[in-house]
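Here are some notes for you to read beside the model.

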Amino acid sequence: MKKLLFAVCTVCSLSLLAQDYQVDLDYYLPNDVNYNDAIPTPEEVIGHQVGDWHVTHDKLSYYMQRLAEVSDRITIENRGTTFEGRPLWLLTITSPANHNRIESIRTNHVALTESGAASQNIESMPIVVYQGFSIHGNEPSGANAGLAVAYYLAAAQGAKIDNLLNNTVILFDPSFNPDGLQRFAYWANIHKAQNINPDPNDREYSEVWPGGRTNHYWFDMNRDWLPVQLPESRARIETFHKWYPNILTDHHEMGTNSTFFFQPGIQSRTHPLTPTKNQELTAQIGTYHAKALDKIGSFYYTEEDYDDFYYGKGSTFPDINGGIGILFEQGSSRGHAQESDNGILTFPFTIRNQFTAALSTLEAAVGMRTDILAYQRDFYANARNEANSGGALIFGDAKDASKTYHLAEILQRHKIKFHELKNDVTQNGKTYKKGNAYIVPKNQKQHRLINAMFEKRTSFQDSLFYDISAWTFPLAFNLDYDEKVSLNNAGPEVTNLSMPNPTAPATSNYAYVMEWHDYYTPKALQMMHDKDLLVKVGMKPFSVGNTDYDYGTIMIPVQGQSLNTQELGAFMKEIAQESHVTIRSVSTGLVKGIDLGSRAFRTIEPQQVAMVIGDGINPYDAGEIWHLFDTRYNIKLTKLDTRNFSRTDLSRYTDIILPNSWGNALDKDDAEKLKTWVRNGGTLIGYKNAGRWFDSNDIMKMKFKRTQDTATNISYEDRGNYFGAQVIGGAIFETTLDRTHPIAFGYKNETLPVFRNSTIFLEADENSYNNPIQYTESPLLSGYISKPNLTELAGTAAFKTSGLGRGQVVYFTDNTNFRAFWYGTNKLLMNAIFFGNEM
């Protein structure tokens, strides 16, 4: 009888909630305004009601363009395209009168960030709000809510909306992540049934790898606001610095059993460079969200989760740029409806909460307009006062102009001013070469942002972090830098930054040489292999005339090539121009050190590289590798899916990469298959958790430290915080390099900063020559690590390699390609690829 009663109640519950599966537009819209019949509803344009289906990016685009055609409140611009060619739309929404003077409004608004801003009249100045949706493509309620929000702003009529539009300029970004949104919408829609099934075991709620969260190359784009490495990020950062919005909202989703979160987050985890006033204003804005959500009966919470520490997130980036970032997190239906601890969570319900928060943000912006504008003005005035002491910092690499350029490029995107060097500079034992280094004056508008990007921080108020705790840019790029240098060394300000343009080599009858230091030398080497050239690597240093050549220098003989002397000379010039690396002509093989005909020059064979992807593999790590090969070095990379690995012929590949995994991506049969392939001459390269798999399957034996952690005097309530503090969320550590080892070719310094976000501690080999990359005894450079973990990390190995038959196994304890901006360790992977058989 109890089972029957439960079944009846369940059916009743489902029938009562079924009305939310399909709703009309009134479900979302406020009823205190009228709507202009001349403005088409989303359904009239895209063919379905908001929330009935997951909107695809093409339909979203079509509706936004249609609104811009019919509404004098909206203009639209395409700021570029994603990797998959989808447009990056931005709508500017304000009153028609404001549109008529929009450039004047923008100019006056930006003037608040400049010196002399005190003279600006903020009483009549519109506030600028940037509203962005669904940077994680499988968190779609934001982008779908954007349909209803855009309609409301275009169609609503009356004094309330007039007041809003007269006092606000809305920069409306309907999809932060078009490629991910499209991927997830396809998944959810192809699994939708006529009778919505909220059973969480249904396939609709379990995406296939890699899921829709990421962009084309599987990046989490909500970590790229500061590094700005992806086209979607570059478009929105350009918009941000064009306008300096006062408020930026970032609409996300979280676990299905959650309700709705809005900021502030946990106060003790706010970055110290963020002013207290920022959090006070954020909390005040929160009262508007609470009132609006109370009105529709939605549960929510605030100040219990998330943080404002890493400035590379959308909700935190504005905080170091004079604005206020707002994170919204809605419990996700991950499809059209799903059972949850709070009842059946429908897709329309999630959309309505996001819609409500979007409008409450605008209400807060109008209600707090002058306070927020004054805060922005004061933020930059105070930053200038902090910078009055003057001074500058310097960064560069005497051997690598390309890495230096790419850091300067990031500064330029963030409107940070920097200068050329007047002359070469020597500071604290480091030489900074004119053309390969820049000076950054501290006394400028972006003083606080400069501090955020260059500082090293090792003390913290809290020991828990939602994301990484360190991102010191010159360390990430492995550049020499000094935070205290005289401005007397500065030359002209750089206003037209360009890639290095090395002198083309003269045509040689004997050989060409290329040092391996520059970031783009792997690209140059791949161009040579694509042309079937014979290429060799020098295992020892040598000198030609007055020029010294380091370990790993590439040598291209003229004789024995498929190209004749003139063709080869022309191709060397082409390589130097396209890859921006220096290639020099050599006229004799009799040199100081190893001669060019020495057996210490080893032939570099062309590589055919594959990477294991799919279930069990971390898509972020795999995507970073794919992006590196494909977009920077133009090296083809075959992606081998774990589902088909047992049936794949591996004999065509010289190198196989196994990225970090979330479990056993491959089984024991796969391990035996790989061992056979390595014995036959292949190079197997693994990252992080792959090391334990190598060890357990006898591919390469290693000793990992096993930490013993006993919680003493820790309460039940605090147990989560205690164990959370033992996590290395992301910090920077110092390693020593054996530059004679092929894995370290192309590095000029004896130490290397390494990014680490795991507690994998590999014991060093008893033979020092087997530890070419090893953590120092005091390795922490920047970021948080618990004292026990720091003790365990000291002196451990970051790399291990050993032979197996005719092949080689290579292992990295840490990610060398983190988030596409860890330029400083990218070459380690390239060395493993090109020089693996010399290890």
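1. Arg413 is partly exposed, at 28% relative accessibility, while Glu409 is buried at 12%. Buried means under 20% relative accessible area, exposed over 50%, and partly exposed in between (1.4 Å probe, protein chains only). The side chains of Arg413 and Glu409 form a salt bridge (3.3 Å, N to O), that is, a side-chain nitrogen of Lys or Arg within 4 Å of a carboxyl oxygen of Asp or Glu. The two residues are four apart in helix H13 (residues 401–413), so about one helical turn separates them. Helices (H or I, at least four residues) and strands (E, at least two) are DSSP runs, numbered from the N terminus.

2. This is a predicted model, where local features need pLDDT of at least 70 and side-chain atom pairs count only at pLDDT 80 or more, while totals for chains, interfaces and linings use all residues. Residues are numbered from 1 along each chain as its sequence is written, and side-chain values use heavy atoms, leaving out hydrogens and water.

3. Asp397 and Lys403 also form a salt bridge, with the closest N and O atoms 3.4 Å apart. Asp397 is buried at 6% relative accessibility, and Lys403 is buried at 6%.

4. Glu114 pairs with Lys445 in a salt bridge (3.2 Å, N to O). Both residues lie in loops, so the pair ties together parts that are 331 residues apart in sequence.
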